[in-house]
Amino acid sequence: MLGSTPGWPATLADGPVLLRPYKRGDGRAWSEVRIANQKWLAPWESAPPGPWAEMNSPRAYGYVYQDMRRAARRGESMPFAVCLRESDGSERLVGHLNLGNIVRRAFSSAYAGYWVDHRVAGRGVIPTALALAVDHAFGPGGLHRIEVNIRPENKPSRRVVEKLGFREEAYHQRYMHIDGGWRDHLGYALTSEEIAAEGGLMARWRRVRA
């Protein structure tokens with residue numbers, strides 16, 4: 001996914017957690033994890049209409065991949081496949097993290113969105129991935145502010161940003177159409193100044209985990 005976005009493409013890692021650009025050949029692994037997580041993910045996503053299995057098939061991945069590729073080339077997003085590196089050196093795709101709606105110049109901001117396989121939830125994978133992505137965005141990515149908007153009922157996702165010290169700063173009524181209705185969201189944010197003295201968000205996360 002070559003593009004004009006500063007800092008993109010990029011591969012980021014900490015321990016077994018690996019963030020990398022998507023590959024055309026990720027379709028089968030992406031589909032498997034998405035279909036296995038329908039009950040875990042469907043209530044929180046603004047998905048197109050249609051059966052979950054069809055919308056998350058290897059064929060559907062081809063369209064998703066092209067959309068991500070185009071957005072990255074335009075400098076509008078940084079879409080990462082979240083993987084776990086196994087002891088034998090192989091990679092297992094377990095989630096997704098995107099820095100999207102990137103706006104440059106006076107805003108220098110982006111929105112972060114993410115999901116993770118329920119089979120590895122609670123192991124610090126997504127907090128680590130988000131910390132890596134934010135540090136990259138504030139460094140090579142040239143951004144100043146990252147926002148995350150989450151439904152109030154989505155407690156696992158809220159725990160991710162709260163562990164990392166994102167500020168809760170807004171309540172957005174009827175913010176996005178999800179799961180059949182317009183759903184309220186809580187707005188969280190973080191700016192580069194808030195973590196500069198700590199050596200970055202990854203350094204903060206390591207201290208929290210310790």
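Residues are classed here as buried under 20% relative accessible area, exposed over 50%, and partly exposed in between (1.4 Å probe, protein chains only). The model is predicted: local features need pLDDT of at least 70, side-chain atom pairs count only at pLDDT 80 or more, and totals for chains, interfaces and linings use all residues. Numbering runs from 1 along each chain as its sequence is written, and side-chain values use heavy atoms, with hydrogens and water left out.

Helices (H or I, at least four residues) and strands (E, at least two) are DSSP runs, numbered from the N terminus. Two strands pair if DSSP finds at least two bridges between them. Strands of a sheet pair through backbone hydrogen bonds, either parallel or antiparallel.

Eight strands build an open sheet with mixed pairing, in the order S1-S2-S3-S4-S5-S6-S8-S7. S1 and strand S7 (167–178) are the edges; each has a single partner strand, so one side of each lacks a neighbour in the sheet. From one strand to the next, the twist averages 25°.

S1 pairs with strand S2 (residues 17–21) in the antiparallel sense, over three bridges. The bridge partner of Ala 13 in S2 is Leu 18. Ala 13 counts as partly exposed because its relative accessibility is 38%. Contact means heavy atoms within 4.5 Å. Neighbours within four places in sequence aside, Ala 13 is in contact with Leu 18, Arg 85 and Leu 132. Asn 101 is 88 residues away from Ala 13 along the chain, and their C-alpha atoms are separated by 23 Å.

Further into the strand order, S3 (residues 78–85) and S4 pair in the antiparallel sense over eight bridges. Ala 81 has His 96 of S4 as its bridge partner. Five residues separate S3 and S4 in a hairpin, and Gly 89 in the turn has a positive phi of about 90°. S4 also pairs with S5, again in the antiparallel sense, over seven bridges. Here Asn 98 stands opposite Gly 113 in S5. This hairpin also has five residues between its strands; Arg 105 in the turn has a positive phi of about 60°.

Helix H1 (residues 27–36) has Gly 27, Trp 30, Ser 31, Val 33 and Arg 34 as its buried residues. Their cover includes helices H2 (38–41), H3 (52–55) and H4 (58–73), and strands S4 (91–103) and S5 (109–116). Axes are lines fitted to C-alpha atoms, for helices over the stretch in contact, with angles from 0 to 180 degrees between N-to-C directions. Angles under 35 degrees count as roughly parallel, over 145 as roughly antiparallel, 65 to 115 as roughly perpendicular and the rest as oblique. The H1 and H4 axes come within 8 Å and cross at roughly 110°. The two helices are therefore roughly perpendicular to each other. Gly 27, Arg 28, Trp 30 and Ser 31 of H1 meet Pro 58, Tyr 61 and Val 64 of H4.

The axes of helix H5 (residues 125–138) and helix H8 (residues 201–209) come within 8 Å and cross at roughly 155°. H5 and H8 are therefore roughly antiparallel. Residues making this contact include Leu 132 of H5 and Trp 205 of H8.

Helix H8 also holds Arg 204. Arg 204 is buried, with a relative accessible area of 13%. Contacts of Arg 204 beyond four places in sequence are Leu 164, Gly 165, Leu 190, Glu 194, Ile 195 and Glu 198. The Arg 204 side chain reaches the backbone oxygen of Glu 194 at 3.2 Å.

Note on methods:
Polar contact = N/O pair within 3.5 Å; in protein donor to acceptor, adjacent residues only side chain to side chain.
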